[in-house]
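Welcome! Take a look at the sequence and the 3D view, then read on.

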Amino acid sequence: MDARTGKVLAEKEADAEMEPASITKIMTGYVIADQVAQGFVNLEDEVFVSQNCWKKGGSRMFIQEGANVVLSDLVKGMVVQSGNDASCAIAEHVAGSEGNFVNLMMRYVVEMGLKNTNFTNVTGWPEVNHYSSARDLAILSKELIYDFPEHYSLYKERWFTFNDIKQRNRNSLLWQDDSIDGIKTGHTESAGYCLVSSGERNETRLIAITLNSISERSRLTDNRRLLDYGFRYFRTKKIISKAERLTEEQVWGGKLDKVGLVAANDIYVTLPPKDFR
């Protein structure tokens, strides 16, 4: 998908409901970024770590029960290290409980028009009714990139150290291509290997998604091929600027005989390069 225009360049079973695993944390990240932007919480807040969060299984940031951790560190731990413990602590701080935070997530699902998504937790831990689709995850990623660019910049960080424990970003594409700057990996036995990646070349930003891959290598290879295909055969360009005067129309009964019509927003199109000539 082109991130600017939303044009889908290649797809297969894009609306199939599938387990997203830790890709769920893209929505967790979107919610916390929006809550910060609205002033409900502050990245400098000290967050109390409950026993519930400390005990979370799977990938971890290794926060300690009873400790106070700065919210900005928890966000980095969730984004870079995919910490389930960090995601839980963020949820409890913002909404009082993980369940309440999930309710917030679902409000954003409705607002974004995600038709094949239902979240039951903030981490992507396997549950029967926890699912999304490639198309919905592409739309969510598009919103994250453009609504909260400062938060999105965290997704390109290759390492994060907390409590003297240095952990690597699981998105290996960050080491393979400097044009790729996100977004999120996911893996459970039931979900398989999942990856949402994004990159920008020639002022064109693309989002690629593979779900339920058979191996870590295959998810990387498939994402890389999708991005390379899109960048090779398509470009996105602005064809009309916001407030650009497009034409004049005659009016009756007004103070003027004619009024100018202008674009309300910048208008972009995604086409093969030869079609721009």
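Leu256, Val259 and Leu261 make a nonpolar surface patch of about 250 Å². Patches are made of residues with over 30% relative accessible area and no salt bridge, where like charges are joined within 9 Å and nonpolar side chains (Val, Leu, Ile, Met, Phe, Trp, Tyr) within 5 Å. Accessible areas come from the Shrake-Rupley method with a 1.4 Å probe, and for residues only the protein chains shown count as cover.

This is a predicted model, in which local features need pLDDT of at least 70 and side-chain atom pairs count only at pLDDT 80 or more, while totals for chains, interfaces and linings use all residues. Residues are numbered from 1 along each chain as its sequence is written, and side-chain values use heavy atoms, with hydrogens and water left out.

**The patch and its surroundings**

- Leucine 256, one of the patch residues, sits in the loop between β9 (245–250) and β10 (258–262). Strands (E, at least two residues) and helices (H or I, at least four) are DSSP runs, numbered from the N terminus.
- Leucine 256 counts as exposed because its relative accessibility is 56%. The cut-offs are under 20% relative accessible area for buried and over 50% for exposed, with partly exposed in between (1.4 Å probe, protein chains only).

**The disulfide**

- How many disulfides does a search of the whole structure find? The search finds one, a disulfide being a pair of cysteine sulfur atoms within 2.5 Å.
- The partners are cysteine 53 and cysteine 88, with their sulfur atoms 2.1 Å apart. This pair links distant parts of the chain, 35 residues apart: cysteine 53 is in helix α2 (residues 51–54) and cysteine 88 in helix α4 (residues 84–95).
- The link of cysteine 53 and cysteine 88 is left-handed, with -70° about the S-S bond.
- Cysteine 53 has a relative accessible area of 0%, so it is buried. Cysteine 88 is also buried, at 0% relative accessibility.

**Strands and sheets**

- An open sheet has three strands in the order β5-β6-β7, with antiparallel pairing. The edges are β5 (180–188) and β7 (204–213); each has a single partner strand, so one side of each is left without a neighbour in the sheet.
- From one strand to the next, the twist of this sheet averages 5°.
- β5 pairs with strand β6 (residues 192–201) in the antiparallel sense over eight bridges. Two strands count as paired if DSSP finds at least two bridges between them.
- Glycine 186 has cysteine 194 in β6 as its bridge partner, and cysteine 194 is buried at 0% relative accessibility.
- Elsewhere, strand β3 (residues 159–162) and strand β4 (residues 165–168) pair in the antiparallel sense over four bridges. Tryptophan 159 has arginine 168 in β4 as its bridge partner.
- β3 and β4 form a hairpin with two residues between them, and asparagine 163 in the turn has a positive phi of about 55°.

**An enclosed helix**

- Why is helix α3 (residues 71–79) described as largely enclosed by the rest of the structure? The reason is burial, because seven of its nine residues are buried.
- The buried residues of α3 are Leu71, Ser72, Leu74, Val75, Gly77, Met78 and Val79.

**Salt bridges**

- The structure holds 14 salt bridges, each being a side-chain nitrogen of Lys or Arg within 4 Å of a carboxyl oxygen of Asp or Glu.
- Aspartate 177 and arginine 201 meet in one of them through their side chains (2.7 Å, N to O). Aspartate 177 lies in the loop between α8 (173–176) and β5, and arginine 201 in strand β6, so the pair ties together parts that are 24 residues apart in sequence.
- Aspartate 177 is buried, with a relative accessible area of 11%, whereas arginine 201 is partly exposed at 23%.
- A network of salt bridges links Asp177, Arg201, Arg224 and Asp228.
- Arginine 205 and aspartate 181 also meet in a salt bridge (2.7 Å, N to O). Arginine 205 is in strand β7 and aspartate 181 in strand β5, 24 residues apart.
- Arginine 205 is buried, with a relative accessible area of 9%, and aspartate 181 is buried at 16%.

Definitions and conventions. Axes fitted to C-alpha atoms, helices over the stretch in contact; angles between N-to-C directions.
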